[in-house]
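Hello,

Here is the structure I promised to pass on. Please open it first, then read my notes below.

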Amino acid sequence: MISTEKNFSGLDKSFKEEKKILFSKGFLTWDSIISLSDKEIESFVKGTLSTSRKLKQLRCIAKLICNLDLSLGEASLLIHSGIPSKEALAALNPQELLHRTGRLERLLKTGRTPVVDLKKASEWIQKAKAGK
């Protein structure tokens, strides 16, 4: 596992409640939330405005960030493209990954240069396979 001390800076405002909960429970970095169990997540959201779905999504993002040394934006792109784990990423070929992420970026109409190209897709997949 690639160690990282990255905190939650840059996290979308839609995760405001989840970020508050994590900070209040002493989870201050991506590394710290990787091992959260579903049971812990469920207990964290009771009586709050947060949802377990969003906390589980953050846990998946954390795993991608820490295990593959991706940025928050890159990990979020994978999650929203239907690639929630390094195992799912390792099962793809570079063209499939490019297709999935490109489709999401076109749907979002970002107008920017795509984040993922074939070279980067290959690198990510190789990292995911090496980390199995």
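**Overall picture**

The protein chain has eight helices and zero strands. Read from the N terminus, the order is α-α-α-α-α-α-α-α. Please keep in mind that this is a predicted model. The chain has 132 residues, and 40% of them count as buried.

**The α4/α5 pair**

Two packed helices are described by the angle between their axes and the distance between the axes. Here, helix α4 covers residues 52–68 and helix α5 covers residues 72–80. Their axes come within 9 Å and cross at roughly 125 degrees. The two helices are therefore oblique to each other. The hand of the crossing is right-handed.

Which residues make the contact? On the α4 side they are Q57, C60, I61, L64 and I65. On the α5 side they are L72, A75, S76, L78, I79 and H80. By class, this contact holds eight nonpolar residues, three polar ones and no charged ones.

An α-helix has 3.6 residues a turn, so residues three or four places apart point the same way.

**How enclosed is α5?**

Seven of the nine residues of α5 are buried, so this helix is largely enclosed by the rest of the structure. The buried ones are L72, E74, A75, S76, L77, L78 and I79. After α5 comes G82, with a positive phi near 85 degrees.

D12 and L72 are 60 residues apart along the chain, yet their C-alpha atoms are 9.8 Å apart in space. D12 sits in the segment before α1, which spans 16–24. D12 is partly exposed, at 47% relative accessible area.

**The loop between α4 and α5**

D69 is found in this loop. The phi of D69 is near 55 degrees, a positive value in a residue other than glycine. Is D69 buried, exposed or partly exposed? At 40% relative accessibility, D69 counts as partly exposed.

**R59**

R59 lies in helix α4. Buried or exposed? R59 is buried, with a relative accessible area of 12%; the cut-off for buried is under 20%.

What does R59 touch, leaving aside neighbours within four places in sequence? The contacts are I33, I34, L36, S37, D38 and I41. W30 is worth a look as well. R59 and W30 are 29 residues apart along the chain, and their C-alpha atoms are separated by 8.0 Å.

**Cysteines**

How many disulfides does the structure hold? The count is zero. C60 is partly exposed, with a relative accessible area of 24%. C60 is also one of the α4 residues that meet α5. C66, by contrast, is buried, at 0% relative accessible area.

**Where to start**

I would begin with the α4/α5 crossing, at roughly 125 degrees. Then turn to R59, buried in the model and in contact with residues including D38. Finish with D69 and its positive phi.

Best wishes

How values were computed: Residues numbered from 1 in each chain as written. Predicted model: local features only at pLDDT ≥ 70, side-chain atom pairs only at ≥ 80, totals over all residues. Heavy atoms only, no water. Axes fitted to C-alpha atoms, helices over the stretch in contact; angles between N-to-C directions. Helix = DSSP H or I, 4+ residues; strand = E, 2+ residues; numbered from the N terminus. Parallel < 35°, antiparallel > 145°, perpendicular 65-115°, else oblique. Left-handed = near helix turned anticlockwise from the far one by under 90°. Contact = heavy atoms within 4.5 Å. Nonpolar A, V, L, I, M, F, W, Y, C, P; charged D, E, K, R; others polar. Disulfide = S-S within 2.5 Å. Buried < 20%, exposed > 50% of the residue type's maximum accessible area, 1.4 Å probe, protein only.
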